[in-house]
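Please read them beside the model.

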Amino acid sequence: MTKMTLASYPHMLGFEQLERVLERSAKSGNEGYPPFNIEQTSDLSYRITLAVAGFSEADLSITVEDRQLVIRGRQTDDSAGRVFLHRGIAGRQFQRSFVLADGVEVGEALMENGLLHVDLTRAEPEKIVQTINIRKG
């Protein structure tokens, strides 16, 4: 059986990058920690919210690497000298990745009540009509 790709369709030119983006997003971590929401806040903006209880701003890093938003968290171990009878609050490190479409820019990041909010905006695409001249051969 042959794998169907976007290149298999002759009328879909230049979509190879979309196929690579889909493969990259499928390979990104699908674990459930930390939980997150993605909401559309307007026609051209989004907000990603991660539940990062126990993390401070210094424990978190937000980067954009090759059109991919990467949010990492790493807590310092402050349990020295403490005796836990039960330890149910997760304090492990994490990495969450989100593939960004062309034109989507990362805006402000805000930490509030154990939630990390990252705002994204999408530039409105220009509507371009282009006329192509035909040369005589």
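1. R67 lies in the loop between strand 3 and strand 4; helices (H or I, at least four residues) and strands (E, at least two) are DSSP runs, numbered from the N terminus. Its phi is positive, near 60 degrees, in a residue other than glycine. With a relative accessible area of 26%, R67 is partly exposed; buried means under 20% relative accessible area, exposed over 50%, and partly exposed in between (1.4 Å probe, protein chains only).

2. D66 sits in the loop between strand 3 (60–64) and strand 4 (68–73). D66 is not a glycine, yet has a positive phi of about 55 degrees. D66 counts as exposed because its relative accessibility is 62%.

3. This is a predicted model, in which local features need pLDDT of at least 70 and side-chain atom pairs count only at pLDDT 80 or more, while totals for chains, interfaces and linings use all residues. Residues are numbered from 1 along each chain as its sequence is written, and side-chain values use heavy atoms, with hydrogens and water left out.

4. The peptide bond between Y33 and P34 is cis, with omega about -10 degrees. P34 belongs to the loop between helix 1 (16–27) and strand 1 (36–42).

5. Strand 1 pairs with strand 2 (residues 45–51) in the antiparallel sense, over six bridges; two strands pair if DSSP finds at least two bridges between them. The two strands form a hairpin with two residues between them. Q40 stands opposite Y46 of strand 2.

6. Strand 2 also runs antiparallel to strand 7 (residues 115–122), joined by seven bridges. Here R47 has D119 in strand 7 as its bridge partner.
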